[in-house]
Amino acid sequence: MTTAEKTSILPILLLSAAGFTVLTTEFVIVGLLPSMARDLHVSVSQAGLLVTLFAFTVAVVGPALTAWLSRYDRKSLFVSTLLFFGISNILAATAPNIGIMGFARFIPALMLPVFWALASETAVDITGPERAGKAISMISFGIVTATIFGIPVGTLISDAFGWRAAFASIAVLAFIKAIALMLFLPKVPLKKQPASFLKQFGILKNPVVVGHVLLSLLVFAGMFTAYTYLADILERLAGFDGATVGWILMGFGGVGMIGNWFAGRIVDRSPLGATILFAAPMAVGMILLVSIVRSHALLGVVLAFWGIAQAALFTISHVRVMKVAAETPALGASLNISGANAGIGIGAIIGGRVIDINGLDHVGGAAAGVMLLAVAVAFFLKLGTKPKLGHRVTA
């Protein structure tokens, strides 16, 4: 690797490291729901609405806020984002009730889509659009490591010291990462003539772009109908204690590295084909989840594939939407993040309602139904569209 290549990769690595903290803040709550619900005197399904609040905030404000802030200095935005996340996690660690906790989750949700959209665009600008998959898989490594270490370590910290300690730990990490970006992230040049706010949103007139955002919504709704309550499934149905759940979640994230690596190498060839490749068998695994939950060997197999597919679909969905919105890639990334987070919020609601009405053992089937709908939409888009993205890309 040449000196120039090493220099160009440094910003991506720094942003990926910062992304670890950003995504841990969003998803760590998955492993903390049971203990948090007990301490705040609400049900697990009610605590699950914190996932919905975060996700819907991202979905609603993400595109507009990204389009508005994309004209400002990137380094300052990235550092400010980490400072916001540090403050919000301190507030979460000291929240006396579910209302204050909701506000603590609202603050970082404002800046998460801005960070991921602009970090993704920066990575693609560095490597070139023909290597967008590999660039975004490097940025997405922060997501994968968040699921490998952030979420399960947060669960282990919660089991040992309480869930408040988990949020306090993330706050410390956020401040450290802010300092690191301030000191070592080089200045990121802005585009000479950034598109106007209205021109950027003109991509929503393209039905292909809208269809791909809808597909991201369905993929993430399917995943998070079950994933939001995975810790509860492992505790109540599989009979594991809190510490064991933490280690299982670490293994779940660990195998996700395989999915992220594989997705980065195949997604540029056929983004929709890659979506179907991982989403269809994932739906089957979700259907089997509850029926095999007492067989720890089979449960391990299902969770391993689920972890691989989930990490792959994070990267695939992001690349897929950015490619069909190639004229405004930052807004395309933000639209994907909005669609994905709308799906996360809807999935948490669906899973919570299924638990309240039918019981926890029906969550896997509900998740599979949504995921199969996503597969159908992907087939429809693959048959009906051939996006052109500055260079030829196969659907």
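**Entry 1: Ser16.** I looked up Ser16 and found it buried, with a relative accessible area of 6%. For my notes, buried means under 20% relative accessible area, exposed means over 50%, and partly exposed is in between, with a 1.4 Å probe and protein chains only. Ser16 sits in helix α1, residues 3-27. Helices here are DSSP runs of H or I with at least four residues, strands are runs of E with at least two, and both are numbered from the N terminus. Not counting residues up to four places away in sequence, Ser16 touches Met138, Ile139, Phe141 and Gly142; contact means heavy atoms within 4.5 Å.

**A note on the model.** I am working with a predicted model, where local features need pLDDT of at least 70 and side-chain atom pairs count only at pLDDT 80 or more, while totals for chains, interfaces and linings use all residues. Residues are numbered from 1 along each chain as its sequence is written, and side-chain values use heavy atoms, with hydrogens and water left out.

**Entry 2: helix α6.** Next I checked the span of α6, residues 98-127. The expected span of a helix is 1.5 Å times one less than its number of residues. Is α6 mostly covered or mostly open? I found it mostly covered, as 21 of its 30 residues are buried.

At the start of α6, I saw a side-chain oxygen of Asn97 within 3.1 Å of the backbone nitrogen of Gly99. A polar contact is a pair of N or O atoms within 3.5 Å; within protein, one must be able to donate a hydrogen and the other to accept it, and residues adjacent in sequence count only if both atoms are side-chain atoms.

**Entry 3: the cores.** A nonpolar core is a set of buried Ala, Val, Leu, Ile, Met, Phe, Trp, Tyr and Cys residues joined through side-chain atoms within 4.5 Å. How many residues does the largest one have? I noted 122, and the residues with the most contacts inside this core are Met36, Met101, Phe115, Trp116, Phe167, Leu299 and Trp306. Helix α6 gives the most to this core, with 13 residues. A second, separate core has ten residues, among them Ala67, Val208, Val324 and Leu331.

**Entry 4: aromatic pairs.** A pair of aromatic rings is described by the distance of the centres and the angle of the planes. Rings of Phe, Tyr and Trp (its six-membered ring) pair if their centres lie within 6.5 Å; planes under 30 degrees apart count as stacked, over 60 as edge-to-face and the rest as tilted. By this rule I have 13 aromatic pairs. Why is the pair of Phe115 and Trp116 called edge-to-face? The ring centres of Phe115 and Trp116 are 5.5 Å apart and the planes stand at 85°, so the pair is edge-to-face. Phe115 is buried, with a relative accessible area of 0%, and Trp116 is buried too, at 5%.

Trp163 and Phe167 form another edge-to-face pair, 6.0 Å centre to centre with 90° between the planes. They are four residues apart in helix α8 (residues 163-184), so about one helical turn separates Trp163 from Phe167. Both are buried. I also wrote down one aromatic cluster, formed by Phe27, Phe220, Phe224, Tyr227, Phe252, Trp306 and Phe314.

Entry 5: Thr66 lies in helix α4, residues 49-69, and is buried at 1% relative accessible area. Beyond four places in sequence, Thr66 touches Pro113, Val114, Ala117, Leu118, Ala330 and Ser334.

**Entry 6: His41.** Is His41 buried or exposed? It is exposed, with a relative accessible area of 73%. His41 lies in the loop between α2 (29-40) and α3 (44-47). I noted its phi near 60°, a positive value in a residue other than glycine.
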